[in-house]
2 protein chains.
Amino acid sequence: MRTRSWWGWGWAQEALPDETCGQLAAAVPGCATVPVRVPDLRDVELRAPRIRPPDVLADRFSDSPPDRAGHTYGKAFRDVVRALAGDLTAAPDLVAFPRDERDVAAVLDWAGSTGVAVLPYGGGSSVVGGTEYRGGAHAGVVSLDLTGLTGVLEIDEVSRAARVLGGTLGPALEDELRPRRLTLRHFPQSFEFSTVGGWLATRAGGHYAMGRTHIDDLVESMRVVTPVGVAESWRLPGSGAGPSPDRLFLGSEGTLGVITEVWLRLQERPEHRASAAALFTDFDAAVEAVRMITQAGPVLSNCRLLDHQEARFSGAGTGEHAVLVLGAESASGPVDGVLAEAVEIARSHGADVQERGGAVSSWRSAFLKMPYVRDALARCGAVVETFETACTWAAAPALIAAVRAEVGAAVTQVCGAPGLLSCRFTHVYPDGPAPYFTVVAAGRPGAQLAQWDEIKVAAMEVLTKHHATVTHHHAVGRDHRPGYDRQRPDVFATALRATKAALDPHGVLNPGALIG
Amino acid sequence: MRTRSWWGWGWAQEALPDETCGQLAAAVPGCATVPVRVPDLRDVELRAPRIRPPDVLADRFSDSPPDRAGHTYGKAFRDVVRALAGDLTAAPDLVAFPRDERDVAAVLDWAGSTGVAVLPYGGGSSVVGGTEYRGGAHAGVVSLDLTGLTGVLEIDEVSRAARVLGGTLGPALEDELRPRRLTLRHFPQSFEFSTVGGWLATRAGGHYAMGRTHIDDLVESMRVVTPVGVAESWRLPGSGAGPSPDRLFLGSEGTLGVITEVWLRLQERPEHRASAAALFTDFDAAVEAVRMITQAGPVLSNCRLLDHQEARFSGAGTGEHAVLVLGAESASGPVDGVLAEAVEIARSHGADVQERGGAVSSWRSAFLKMPYVRDALARCGAVVETFETACTWAAAPALIAAVRAEVGAAVTQVCGAPGLLSCRFTHVYPDGPAPYFTVVAAGRPGAQLAQWDEIKVAAMEVLTKHHATVTHHHAVGRDHRPGYDRQRPDVFATALRATKAALDPHGVLNPGALIG
């Protein structure tokens with residue numbers, strides 16, 4: 001029986017053993033190799049709850065320390081470090097477990113009338129402080145755990161769409177679609193531990209590199225409980241009737257309402273697959289090849305470029321090459337032709353192509369276990385975190401160079417050594433890539449967080465200067481507010497604040513995230 | 001030297017001659033065959049302007065009768081009928097011709113301080129009353145003609161995007177892209193007579209049937225002048241930073257701001273093409289074939305299904321068959337394989353397939369001249385108009401049957417004979433089609449408009465009952481308000497009104513369209 005980790009990523013039982021932690025940390029120059037002990041929850045102090053649930057909803061609330069501890073943070077590096085230090089000062093007073101939409105509405109009503117902040121909580125995998133209360137004038141804080149609203153309510157096989165409850169976790173969704181040979185085909189890295197409603201609220205990116213990767217495009221209609229009523233859009237394959245209602249709630253990060261139901265567009269499960277790995281000595285040549293592949297037309301399922309450091313770090317390469325992981329898949333027929341076209345472009349840019357090589361599966365398995373590795377390194381005192389963005393192809397070379405120079409300098413200054421600063425493209429579009437950067441360096445005991453904060457400021461500074469988005473698929477939450485506030489047009493901020501005031505007049509929904 | 005028609009579609013010089021009008025009308029049972037005379041503008045009465053332009057902007061304004069007449073209406077059937085009757089009571093007091101963004105901002109400032117309504121006007125091709133003032137408490141009305149803001153300012157060939165001024169008409173855009181072998185590949189039926197900014201403001205649909213047809217997906221960033229400031233989003237291929245700012249203005253129909261600039265995503269000009277026409281005896285079998293083709297994966301450039309009546313009316317068929325017009329195109333390589341897959345599906349559903357038949361070019365040429373035919377029939381007293389929608393595949397059969405029954409009954413009751421009520425799919429998505437209906441019937445002299453209004457109520461009623469969108473790509477304007485107000489979630493209306501109040505505090509921007 002697996003249980004969720006209260007302090008780190010995913011399953012408690014899959015946290016890496018101390019010995020592995022040490023082995024991993026040994027590869028980080030200057031890093032300690034003895035991991036700190038994970039505190040026993042019984043030893044961690046939690047402030048007494050300041051509020052009581054309303055009597056009629058009492059059985060939907062919990063004030064148990066494990067529930068409160070498990071709902072204090074998301075799963076960012078800063079969350080893990082604080083949890084490991086036994087710092088749970090941000091713990092919610094209560095955790096609500098609604099069983100249906102009526103419960104959600106009742107919690108919002110009660111919160112509005114009592115001035116209690118409500119933080120919608122799906123799978124809890126936020127890496128941007130999306131579910132953590134960070135101060136304000138609220139009478140108390142409730143984490144609203146939505147995983148009780150789970151399941152597929154309806155499948156329309158003719159139109160290929162499914163009506164899904166917002167609290168449904170990724171695997172539960174796919175398990176229900178599989179017998180119909182259908183799939184949503186949306187696999188964020190957090191797939192196991194994130195919910196459908198969370199994907200919508202944060203505009204999640206799937207792990208397919210090209211085409212319609214953002215969940216936005218897979219939404220046919222949605223149902224949102226707001227403090228002033230329920231918004232439900234019609235199921236429409238396309239519409240030109242005014243600004244899209246769905247696009248207002250997509251990315252609203254729980255600040256405007258709680259997504260309780262959604263009709264999602266499905267597709268047939270792919271049965272034909274092909275993959276290859278292309279090795280480039282020159283990273284710039286690889287970037288150019290990826291641009292050509294992306295602009296050529298055919299949509300690949302995978303087109304992930306790892307720079308030399310990233311390839312070594314993930315085990316997909318030796319560090320002598322940048323590695324381009326290519327994959328194609330289809331439900332209707334062989335995809336070798338599509339893959340061959342991409343391979344041909346890669347070769348014409350100097351790549352050595354390994355068809356069906358080990359690099360592809362090495363990368364995939366590293367990708368899925370990476371968050372556990374992050375936790376292991378964090379326990380050994382490393383500064384280990386990622387940040388991601390997107391920009392045009394024209395802007396990419398200068399941006400990547402600036403990140404390497406300026407964030408690299410910040411890492412060196414803050415950590416005393418350059419550490420690892422690697423880059424990969426997680427998603428690519430005809431007009432630009434989504435570069436994703438990983439930082440790993442030995443930290444100072446007790447100062448890991450302050451060190452990362454300093455590096456993060458430098459990172460956000462570079463992104464802003466180059467007009468690269470502060471986040472491609474991690475959302476804004478609270479951690480990205482400084483960058484986001486500079487990025488979004490002021491006029492749009494005015495519009496968003498007006499909308500927030502109209503839909504959440506008491507300002508109880510996820511205060512501090514995104515806006516307000 | 002061609003000039004724009006002040007009363008009807010497109011070029012004045014391409015209006016069909018009286019004799020042709022009569023020949024066309026002869027095919028409509030009961031229709032007069034002598035077209036009414038187009039009034040001489042010198043005989044049409046225009047109310048004296050109630051307002052004067054501000055002195056500093058005087059040379060940007062016109063109060064000339066031809067300018068005011070030409071900016072009174074869009075190009076819907078109801079607009080043509082009123083213009084032909086010499087009814088220009090809705091004429092704006094003044095027409096503004098800004099030369100740049102500063103002029104636009106100055107006009108908005110002046111309008112806000114004086115309570116003058118401003119109606120943004122691009123190519124003037126609205127068929128939903130999008131540019132017509134229909135009453136309110138404003139001191140006067142200005143039509144803001146944006147075609148002075150024209151041209152491509154910048155082309156980024158690396159990222160394949162262009163910065164384009166909002167008032168640029170379709171052909172001017174493509175003319176500038178052609179030498180670079182690039183294209184926006186967005187060809188609404190109004191292409192010649194509509195602007196880039198108008199496409200964005202109305203969420204225009206291109207004439208490509210599948211894939212990313214709505215302009216929404218082709219927008220990389222945009223610049224909007226609002227009464228409270230300029231909103232400019234960053235050029236981003238993808239982003240997860242909050243709700244999309246662009247999606248707020250896409251479809252805002254001039255009610256929140258004036259779109260002055262946009263970065264549009266481009267692609268290489270296709271060089272490889274293939275087309276075919278598939279003839280079905282059974283319309284339902286054709287619908288099923290189209291669904292299969294759409295869900296199979298490969299994106300066709302054309303996949304338009306015409307029912308028996310539509311095929312005959314457009315000259316693409318004899319009336320004995322429904323005709324499916326198929327086309328594929330690509331910049332990178334032959335598309336015969338893609339087309340063959342679609343043809344195979346059509347054949348397996350009983351189609352007789354004509355490869356490179358005359359039906360394809362017949363349909364295309366009919367498509368482009370259709371608005372002129374509409375004007376010709378209107379002059380002969382016909383009731384002739386279209387309405388379009390979108391719904392899921394599961395909902396489509398019942399919707400189409402209900403339209404045929406209920407709108408058909410309305411036509412018979414209102415016009416005394418069934419007339420023509422045809423259906424085509426203009427766009428198809430994996431989860432549903434966009435059915436487009438054409439009504440042609442003999443009208444009563446002087447009552448054409450009232451007759452259409454009655455039919456339109458029946459049409460909107462059916463769409464609403466079946467939760468099919470009130471418009472797939474014609475926008476809401478003023479004509480679709482009754483349906484739109486029932487379609488959009490109330491909570492979203494609340495959000496939109498709050499946004500409108502925040503961005504347009506004096507309520508001067510396109511009052512009555514979409515909201516307010």
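What is the order of the four strands in the open sheet of chain A, and what is the pairing?

1. The order is 1-2-4-3, with mixed pairing. Two strands count as paired if DSSP finds at least two bridges between them. Strands (E, at least two residues) and helices (H or I, at least four) are DSSP runs numbered from the N terminus. Strand 1 (61–62) and strand 3 (116–121) of chain A are at the edges with a single partner strand each, so one side of each has no neighbour in the sheet.

2. This is a predicted model: local features need pLDDT of at least 70, side-chain atom pairs count only at pLDDT 80 or more, and totals for chains, interfaces and linings use all residues. Residues are numbered from 1 along each chain as its sequence is written, and chains are lettered from A and ligands numbered from 1 in the order in which they are written.

3. Strand 2 (residues 94–96) and strand 4 (residues 140–145) of chain A run parallel and are joined by three bridges. Leu94(A) lies opposite Val142(A) of strand 4. Helix 4 (residues 101–114) of chain A packs on the sheet and touches strand 2, strand 3 and strand 4. The direction of helix 4 makes about 150° with that of strand 3; axes are lines fitted to C-alpha atoms, for helices over the stretch in contact, and angles run from 0 to 180 degrees between N-to-C directions.

4. Chain A has 15 helices and 18 strands in total. Among its contacts (C-beta atoms, placed from the backbone, within 7 Å) between residues at least 6 apart in sequence, 73% join residues at least 24 apart.

Definitions and conventions: Contact = placed C-beta atoms within 7 Å.
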